[in-house]
Amino acid sequence: MTDRRAQLAENLARVEERIAAACDAAGRARQDVTLIVVTKTYPASDVRILHELGVRHVAENRDQDAAPKAAECADLPLTWHFVGQLQTNKVRSVVSYADIVQSVDRIRLVTALSAAAAREGRELGCLVQVALDAESGERGERGGVGPDGIEELAAAVESAPGLRLDGLMTVAPLAGPYAGRQRAAFDRLMEFSSRLRGNHPAANMVSAGMSSDLEDAVAAGATHVRVGTAVLGVRPRLG
Ligand SMILES: *Cc1c(COP(=O)(O)O)cnc(C)c1O
């Protein structure tokens, strides 16, 4: 076993233990929470090792970094999630490899994603990214739509050709009333998810929680956690 492989295996085992313990504590089945490993800034060789270690979901946040990596790993049966703020001029590229875009936060993006998915003749999963710190009608610092914009976007995704509405995503806010209150933030997201499922029963995916707060997300009811640092190590540069 190479050093890198041993290191990733150990980190992955530790994250797996944390998820299992959080599921236990919440009375949830382990299989109800999916681990997505955020591989941003790390090379395709790491993605390949992670696949060998049993990872099936990976996430990226920048198209420049993700596109060549996904191409190098095209032979692997992985689900690719795009979790970064997405400019419409990058949509065609992202749709060529992403299975799910978790950062849908404006109508213009829905339109562009739909056109690109239709062009590729495929169905793209979409999560509406919720900014718990955004004022009414605004987008958050780290992307996302304010809570009062969720239903409009969800309806737009659902009626857009080539797109499938899968659920909601959030990043715990650094500012505003939820700063430092991850559990409260994720509970709030779950309320929005319940409301969403009232109108869109199939949109039951809830993506929340990262390396530092995955336990809070599992406790709140997240179906997907997005873990980077705890598996791959501290990122070599901002990403
Ligand atoms: C980088 C990133 C993560 C992973 O964060 P870690 O703290 O490294 O686990 C999760 N979600 C999004 C949207 C990210 O950009």
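# A strand enclosed by the protein

Good morning. I begin with strand β5, residues 124–130: seven of its seven residues are buried, so the strand is largely enclosed by the rest of the structure. Please keep in mind that this is a predicted model.

Which way do the residues of β5 point? Leu124, Cys126, Val128 and Val130 point one way, while Gly125, Leu127 and Gln129 point the other way, and all are buried.

Let us turn to the neighbours of this strand. β5 pairs with strand β4, residues 100–104, in the parallel sense over three bridges. Within that pairing, Ile100 has Gly125 of β5 as its bridge partner. Between β4 and β5 the chain passes through helix α5, residues 107–120, and this β-α-β crossover is right-handed.

β5 is also joined to strand β6, residues 163–170, by seven bridges, and these two strands run parallel. In this pairing Val130 stands opposite Thr170, and Gln129 stands opposite Met169. β6 is itself mostly covered, since seven of its eight residues are buried.

From β6 we may move on to strand β7, residues 205–207. Three bridges join β6 to β7, and the two run parallel. The bridge partner of Met169 in β7 is Ser207.

I now come to the helix at residues 3–26, called α1. How far apart should its ends be? At 1.5 Å a residue, the 24 residues of α1 should span 34 Å; the C-alpha atoms at its ends are 35 Å apart, which agrees. The buried residues of this helix are Leu8, Asn11, Leu12, Val15, Ile19, Ala22 and Cys23. Against what do the buried residues of α1 pack? They pack against β1 (34–38), α2 (44–52), α8 (214–220), β8 (224–227) and α9 (229–232). After α1 comes Gly27, which has a positive phi, near 65°.

Leaving aside neighbours within four places in sequence, Val231 is in contact with Leu8, Asn11, Leu12, Val15, Val37 and Leu50. Val231 also belongs to the largest nonpolar core, which has 72 residues; Val101, Leu113, Leu163, Val225 and Val231 touch the most other members. There is a second, separate core of nine residues, which includes Ala59, Val83, Met169 and Val171.

As a contrast, consider Ala155, which lies in helix α6, residues 150–159. Is Ala155 buried, partly exposed or exposed? With a relative accessible area of 34%, Ala155 is partly exposed.

Finally, the protein as a whole. It contains nine helices and eight strands. Buried residues make up 52% of its 239 residues. Of the contacts between residues at least 6 apart in sequence, 60% join residues at least 24 apart. The C-alpha atoms fill a box of roughly 50 × 40 × 30 Å along the principal axes. For 239 residues, a compact globule would have a radius of gyration near 18 Å; the protein has 17 Å, which agrees.

Thank you for your attention.

Note on methods
Residues are numbered from 1 along each chain as its sequence is written. This is a predicted model: local features need pLDDT of at least 70, side-chain atom pairs count only at pLDDT 80 or more; totals for chains, interfaces and linings use all residues. Side-chain values use heavy atoms; hydrogens and water are left out. A nonpolar core is a set of buried Ala, Val, Leu, Ile, Met, Phe, Trp, Tyr and Cys residues joined through side-chain atoms within 4.5 Å. Buried means under 20% relative accessible area, exposed over 50%, partly exposed in between (1.4 Å probe, protein chains only). Contact means heavy atoms within 4.5 Å. Helices (H or I, at least four residues) and strands (E, at least two) are DSSP runs, numbered from the N terminus. Two strands pair if DSSP finds at least two bridges between them. A crossover is right-handed if, with the strands pointing away from the viewer, the path from the first strand over the helix to the second runs clockwise. The expected span of a helix is 1.5 Å times one less than its number of residues. The radius of gyration is taken over C-alpha atoms; the globule rule is 2.2 Å times the number of residues to the power 0.38.
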